[in-house]
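Cover a pocket and the packing of a helix, with the terms explained.

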Amino acid sequence: MSEEILVPHPDAMETLAFDGDKPPLLLRKGVVIGLVVAFVAFVAAYIVIAQAFGLSNAIQAEPFKDWVEEQGPLGPIVFIVVLGLSVLIAPIPNVPIFIAAGLAWGPVLGTAYSMVGMMFGSVMAFYFSRILGRRHLPRLIGPKAAARLDGLTAAMGGKMVFWARMIPVINFDWISFVAGLTSIRFIPFFWYSFLGMLLPTTIAVIAGDSLGKDVRVTLALGGLWVAGIAISALVFWKRRNRFPKSA
């Protein structure tokens, strides 16, 4: 007996996002306002301390760069492998790793090495989840729920993966595992993952490179990132207020 495939309305993505009692954690007003206030306080504290103690606007990155250069061609290979494996076995924040890549290799090579490592790890996580977990999904959440998840994935395509990748405060790793549990095909997963990770990864790597030149550039990029989250939240709140609530 074949499973029932429930294909949702084309607006299923909006229904999933807006028709709940609470918005997603990272888009709640308290969280977003707290993030903005914390960033502004951090920048203000840095300015006060830098002025009071005459701190340099650049971090001394030469010792770290020298150590990386001593590793030769092995350095980038080890970085890529370690970053890829960290996606699969160690759910640690990605942004500090990208910053280190920018500090070590600059914006171009740092971004290239980071993207190769992230895609390597994402592919492994996707297939690990698909091979070991996909077949057990109906048992875990029920046949109808699994069918709805597949229907939602079919309606949204790679948009779900793309927008999830675009939010840098979300750890990239779990997205690959979740995608492997859905019916999304590998090629859309791969390309939407790549496109979704490219901008936030590049910004983080450039921020790392700027640490060795001018910390103020890094702070400005951080402000751009925070502003992006705040604007996304404002759009979300506005559309959610207009969305018809279910009875």
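The second largest pocket has a lining of 21 residues, and Val95, Ile99, Thr218, Gly222 and Trp225 are those nearest its centre. A pocket here is an open set of points on a 1 Å grid over the protein atoms alone, where a 1.4 Å probe fits, with protein on both sides within 12 Å along at least five of seven lines, and lining residues have an atom within 4 Å of a point. The model is predicted, so local features need pLDDT of at least 70 and side-chain atom pairs pLDDT 80 or more, while totals for chains, interfaces and linings use all residues. Residues are numbered from 1 along each chain as its sequence is written, and side-chain values use heavy atoms, without hydrogens and water.

**Second largest pocket**
- Helix 11 (215–242) is among the helices that each supply at least two lining residues, and helix 11 gives the most, with 7 residues.
- The lining comprises 19 nonpolar, 2 polar and no charged residues.

**Helix 4**
- Gly75, Pro76, Phe79, Ile80, Leu83, Gly84, Ser86 and Val87 are the buried residues of helix 4, where buried means under 20% relative accessible area and exposed over 50% (1.4 Å probe, protein chains only).
- They cover an arc of only 155 degrees around the axis, which puts them on the same side of helix 4, the arc being that of the directions from the helix axis to the C-beta atoms.
- Leu74, Val82 and Ile89 are exposed on the other side of helix 4.

**Ser114**
- Ser114 belongs to helix 5 and is buried, with a relative accessible area of 0%.
- Beyond its neighbours within four places in sequence, Ser114 is in contact (heavy atoms within 4.5 Å) with residues including Phe79, Leu83 and Thr201.

Technical notes: Helix = DSSP H or I, 4+ residues; strand = E, 2+ residues; numbered from the N terminus. Nonpolar A, V, L, I, M, F, W, Y, C, P; charged D, E, K, R; others polar.
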